[in-house]
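Please open the model in a viewer and keep the sequence beside it.

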Amino acid sequence: ASKQTNLKPITVRCIENADKEPKKITRWIENIQKVHREKPPPTVVYSKNMPDIEQLMQVWPPEFEELLKTVPLPQADID
């Protein structure tokens, strides 16, 4: 899968003597806020339809419950 965006590169620069340039700092903050406002929302495209939530929430058959009692599950630290 490829990731495509329409974002344009921006230049990031530093403010010399920032403690003496409050207007430049305010402008920089406003520019960053603008970048975040214009950033497109994340999207996910699934290759298959998601299963129906009602179907997922159904009780498992008793045979499967019994199988879970006998089959060892992976440890939490699995890689």
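Select F64 first: its relative accessibility of 34% makes it partly exposed, the class between buried (under 20% relative accessible area) and exposed (over 50%), with a 1.4 Å probe and protein chains only. This is a predicted model, in which local features need pLDDT of at least 70 and side-chain atom pairs count only at pLDDT 80 or more, while totals for chains, interfaces and linings use all residues. Residues are numbered from 1 along each chain as its sequence is written, and side-chain values use heavy atoms, without hydrogens and water.

Which arrangement do the rings of W60 and F64 adopt? Their centres lie 4.9 Å apart and their planes meet at 80 degrees, so the pair is edge-to-face. Phe, Tyr and Trp rings (six-membered ring for Trp) pair with centres within 6.5 Å; planes under 30 degrees apart are stacked, over 60 edge-to-face, and the rest tilted. The count by this rule is 1 aromatic pair.

**The whole chain**

Now colour by secondary structure: the protein chain has 3 helices and 0 strands, as DSSP runs (helices H or I, at least four residues; strands E, at least two) numbered from the N terminus. The radius of gyration over C-alpha atoms is 26 Å, well over the 12 Å of the globule rule (2.2 Å times the number of residues to the power 0.38) for 79 residues, so the chain is more spread out than a compact globule. Finally, display the buried residues: they make up 0% of the 79.
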